Amino acid sequence: MGRFMDIRNCRGCGRIFNYVAGPVLCQACRESLEGKFQEVKEYIRSHPGVGIPEVSKACDVEPSQIRQWLREERLEVTEDSPIFLTCEVCGAPIRCGRFCEKCKFDMTKGFKNILESNKPKGVKREPVDRENPRMRYL
């Protein structure tokens with residue numbers, strides 16, 4: 001049987017399109033949004049220290065979209081900015097993303113511990129014989 005196509009309505013314009021991944025936007029709306037991102041990026045570059053409300057008004061972009069780009073680490077708040085994001089775990093101020101460095105480290109360490117604890121115990125791997133390599137199906 002053929003591949004299943006995921007047909008959805010674009011959240012930007014309402015048109016039906018074949019959804020693949022990411023935001024539920026058709027190609028035209030994605031391109032338009034990327035154009036807006038470039039406009040915002042240039043505005044911020046030419047107006048250092050500008051705030052979200054001013055960028056939103058000047059570039060006709062919703063403040064929530066600007067915050068989304070900050071969370072996606074596509075934009076970053078400057079160190080001297082009165083605007084800041086907060087870590088979703090501990091609430092510490094951050095410049096971009098969703099988590100502070102300490103929480104990222106703790107999560108990574110936790111994931112590694114889970115992976116280590118799920119490894120089968122007592123299973124020995126055979127040494128690889130480079131002289132007589134064998135093939136297998138994966």
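Predicted model: local features only at pLDDT ≥ 70, side-chain atom pairs only at ≥ 80, totals over all residues.

Ile52, Val55 and Ser56 on the α2 side meet Pro63, Ile66, Arg67 and Leu70 on the α3 side. Sorted by class, that contact has five nonpolar residues, one polar and one charged.

Now the geometry. Two packed helices are described by the angle between their axes and by the distance between those axes. Here α2 covers residues 52-59 and α3 covers residues 63-71, and they pack at an angle of about 115°. Their axes are 9 Å apart, and the crossing is right-handed.

Is Ser56 buried or exposed? Ser56 counts as buried, because its relative accessibility is 12% and the cut-off for buried is under 20%. Leaving out residues up to four places away in sequence, Ser56 touches Val61, Glu62, Pro63 and Ile66.

Between the two helices there is a loop, and Asp60 sits in that loop. Most residues other than glycine have a negative phi. Asp60 is not a glycine, yet its phi is positive, at about 55°. Asp60 is also exposed, with 63% relative accessible area.

There is another case further along. Glu73 lies in the loop between α3 and β3, the strand at 85-86. Glu73 has a positive phi too, near 65°, and is likewise a residue other than glycine. Its relative accessible area is 45%, so Glu73 is classed as partly exposed.

On to the core. In soluble globular proteins, nonpolar side chains tend to be buried together. The largest nonpolar core in this model has 19 residues. Which of them touch the most other members? They are Val40, Val55 and Leu75. The elements giving two or more residues to this core are α1, which spans 27-46, together with α2 and α3.

Not counting residues up to four places away in sequence, Val40 touches Val55, Cys59, Val61, Trp69 and Leu75. Apart from this core lies another one, of seven residues, which include Cys10, Val24, Cys26 and Cys29.

Ala28 is in helix α1. With a relative accessible area of 39%, Ala28 is partly exposed. Ala28 and Cys13 are 15 residues apart in sequence, and their C-alpha atoms are 9.1 Å apart in space.

Last, the chain as a whole. How many helices and strands are there? The protein chain has four helices and four strands. Along the sequence the order is β-β-α-α-α-β-β-α. The chain has 138 residues, and buried residues make up 22% of them. Taking contacts between residues at least 6 apart in sequence, 18% join residues at least 24 apart. The accessible surface comes to about 11500 Å², and carbon and sulfur atoms account for 55% of that.

That is the end of the walk-through, and I can go back to any part of it.

Technical notes: Residues numbered from 1 in each chain as written. Heavy atoms only, no water. Axes fitted to C-alpha atoms, helices over the stretch in contact; angles between N-to-C directions. Left-handed = near helix turned anticlockwise from the far one by under 90°. Contact = heavy atoms within 4.5 Å. Nonpolar A, V, L, I, M, F, W, Y, C, P; charged D, E, K, R; others polar. Buried < 20%, exposed > 50% of the residue type's maximum accessible area, 1.4 Å probe, protein only. Areas by Shrake-Rupley, 256 points an atom, 1.4 Å probe, with all protein chains shown as cover. Core = buried A, V, L, I, M, F, W, Y, C linked by side-chain atoms within 4.5 Å.
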